[in-house]
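Dear colleague,

Please open it first, and then read the notes below beside it.

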Amino acid sequence: MSKNKLIVPEAREALEKFKMEIANEFGVDDPRNLASKHTGLVVRELVRMGEEELIDNKRIE
């Protein structure tokens, strides 16, 4: 069993879809075959997207 748990379990499908999109961008058929370099890039992209969303939400308030 994985020790990594999503804070919002309903987001699992979207996360899996995002992983597949990233894997396809790197020319990999299965996200489990991504190298650690690739997964680092994925994490950076997720952080960037989260930061953008937080900034956008602050502008709305």
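A term that you will need at once is "pocket": on a 1 Å grid over the protein atoms alone, a pocket is an open set of points with protein on both sides within 12 Å along at least five of seven lines, whereas a cavity is a set of points where a 1.4 Å probe fits but cannot get out, and lining residues are those with an atom within 4 Å of a point. Please keep in mind that this is a predicted model, in which local features need pLDDT of at least 70 and side-chain atom pairs count only at pLDDT 80 or more, while totals for chains, interfaces and linings use all residues. Residues are numbered from 1 along each chain as its sequence is written, and side-chain values use heavy atoms, with hydrogens and water left out.

The second largest pocket holds about 180 Å³ of space, a volume being the space filled by probe spheres set on the grid points, which are joined across faces, edges and corners. Its lining consists of Ala-14, Leu-15, Phe-18, Leu-46, Met-49, Gly-50, Glu-53, Leu-54 and Asn-57. The elements that give two or more residues to this lining are α1 and α2, where helices are DSSP runs of H or I with at least four residues, numbered from the N terminus (strands are runs of E with at least two). The largest share comes from α2, with 6 residues.

Helix α1 covers residues 12–25, and because its 14 residues should span 20 Å at 1.5 Å a residue, the 20 Å between its end C-alpha atoms agrees with expectation; the expected span is 1.5 Å times one less than the number of residues. Its buried residues are Phe-18, Ile-22 and Ala-23, and they lie on the same side of α1 because they cover an arc of only 135° around the axis, taken from the directions from the helix axis to the C-beta atoms. Here buried means under 20% relative accessible area, exposed over 50%, and partly exposed in between (1.4 Å probe, protein chains only). Glu-13 and Lys-17, on the other side of α1, are exposed.

Which residues does Phe-18 contact, leaving aside its neighbours within four places in sequence? They are Val-42, Glu-45, Leu-46 and Met-49, contact meaning heavy atoms within 4.5 Å.

With best wishes
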